[in-house]
Amino acid sequence: MKQVISVRDLEEMVKNGKDIRALPVDALLTPSARDFLRDRESGDGYQPARATSSDGAVVTKPITSRNSKAELDAYFNSSKIQALKHQICDIGRRLWQRAYVDGNGGNIAVRVGEDIALCTPTLVSKGFMKPEDMCFVDLEGTQLCGGKKRTSEILMHLQIMKRQPRAVATVHCHPPYATGFAVAGVEPPTCMIPEFEVFSSVAIAPYRTPGTPEMGKLVADLVDEHNTILMANHGVVTWSHNDVEDAYFKMEILEAYCRTILVASQLGKPVNTMTPTQLQDLLKIKQSLGIPDPRYGLKECELCDNDGWRPGVTCALPGSVCGNGNGQTASSSASDPETEALVQAITDQIMARNS
Ligand SMILES: [Zn+2]
């Protein structure tokens, strides 16, 4: 006798981690079970939840935290979410291997529904997570699924997702070079390496106790125009409008950049910056990729502002050309007595050699 498979049977199989493609070839599927399979095959987007309306018609709607526990569990165990869990473990391993996380530090979240995120657990090294460690939370941080407790820093990830609807994935960790900048309260200088200019847009959020709503709010206040936030005296969080690997790439790009400019600044020679026109070309590419940047629309002479950077990266174009009236330019460091003394010493040496 042929086996009759209902949508309930399929949900049960998914919940128990069974592969629904392994059904007997001659199994009889109820109409709603057929719809269920078709929806799963169609793949992308949020998994629709199924419900039967009063006239008996099957309706589909995006899954939300208000779905039944059984529906949420089925979604949590679906092949789409299982694949994401594996991907998060993979990213966690890469964070750990690159020494971007220490102890149980760092956390990762991926938005998987209107108000649902998949995230990493608390008190587990990011280098050694298992897919079954992951959690579902709603956008207020309430845990919906998963055996382990969700990360204590989830509020910050969720506040980013709420404030920036394009943020589909967030990664937080403590990469030493970038975190060094965050501890010093120094924004990395700009106009030096194309990769960084195109893919990163950095700002610093003030320090608050990790995991508190205030910390999340201060970060969220910056995500309109920045995809990489240095958290003062703590670490870094990045968001991506593409996927979790892209959010991780932003971390690699930032850390490599901070490391490189620290090397460059120790070579005893002023570093070279690109020209504003060269930077403008990169910003055009950045804009076409949908990456935010507060410099869009600025005049060329306003693009390379490295005033906050010591020891001394200066813009290739003198700021005075800008005519902004305040007389303070990136290259005029006359107010800095140390620089003045250095310039005087070099001038004296040249004069002595030529005389
Ligand atoms: Zn942290």
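**An enclosed strand and the sheet around it**

Strand E12 is largely enclosed by the rest of the structure, because 6 of its 6 residues are buried (buried: under 20% relative accessible area; exposed: over 50%; partly exposed: in between; 1.4 Å probe, protein chains only). Both faces are covered. Gly235, Val237 and Trp239 lie on one side of E12, and Val236, Thr238 and Ser240 lie on the other. The structure is a predicted model, in which local features need pLDDT of at least 70, side-chain atom pairs count only at pLDDT 80 or more, and totals for chains, interfaces and linings use all residues. Residues are numbered from 1 along each chain as its sequence is written, and side-chain values use heavy atoms, with hydrogens and water left out.

The protein contains 11 helices and 12 strands. These elements are DSSP runs numbered from the N terminus, with helices (H or I) of at least four residues and strands (E) of at least two. Of the 355 residues, 45% are buried.

Strand E12 belongs to an open sheet of 8 strands. The order is E8-E7-E6-E5-E9-E12-E11-E10, and the pairing is mixed. Two strands pair if DSSP finds at least two bridges between them. Strand E8 (143-145) and strand E10 (202-205) form the edges, and each pairs on one side only. From one strand to the next, the twist averages 25 degrees (axes are lines fitted to C-alpha atoms, for helices over the stretch in contact; angles run from 0 to 180 degrees between N-to-C directions).

E12 pairs with E9 in the antiparallel sense over 5 bridges. Threonine 170 stands opposite tryptophan 239 of E12. E11 and E12 are also antiparallel, with 4 bridges. Here methionine 231 has glycine 235 in E12 as its bridge partner. E11 and E12 form a hairpin with 3 residues between them. In its turn, asparagine 233 has a positive phi of about 55 degrees. Strand E5 (residues 107-113) runs antiparallel to strand E9 (residues 169-173), joined by 4 bridges. Valine 110 stands opposite alanine 169 in E9. Helix H6 (residues 176-184) lies across strand E11 (228-231) and strand E12 (235-240). H6 runs at about 60 degrees to E11.

The largest nonpolar core holds 43 residues. Such a core is a set of buried Ala, Val, Leu, Ile, Met, Phe, Trp, Tyr and Cys residues joined through side-chain atoms within 4.5 Å. Leu95, Ile108, Val112, Leu118, Phe136, Leu230 and Leu254 touch the most other members. H3, helix H4 (79-97), E5, strand E6 (116-119), E8, E9, H6 and H9 each give two or more residues to this core. H9 gives the most, with 9 residues. Another core, of 12 residues, lies apart from it and includes Val219, Val223, Ile229 and Met231. Leucine 95 touches Tyr100, Val101, Ile108, Val171, Cys173 and Tyr248, not counting residues up to four places away in sequence.

Helix H3 (residues 69-76) is mostly covered, with 6 of its 8 residues buried. The buried residues in H3 are Glu71, Leu72, Asp73, Ala74, Tyr75 and Phe76. Helix H9 (residues 244-264) contains aspartate 246. Aspartate 246 counts as buried because its relative accessibility is 13%. Its side chain makes a polar contact with the side chain of lysine 250 at 3.1 Å (a pair of N or O atoms within 3.5 Å; within protein, one must be able to donate a hydrogen and the other to accept it, and residues adjacent in sequence count only if both atoms are side-chain atoms).

Positive phi values also occur in loops. Leucine 123 has a phi near 60 degrees and is found in the loop between E6 and strand E7 (135-138). Leucine 123 is exposed, with a relative accessible area of 66%. Cysteine 191 has a positive phi of about 70 degrees and lies in the loop between H6 and helix H7 (194-199). Cysteine 191 is buried, at 0% relative accessible area.

Conventions: Contact = heavy atoms within 4.5 Å.
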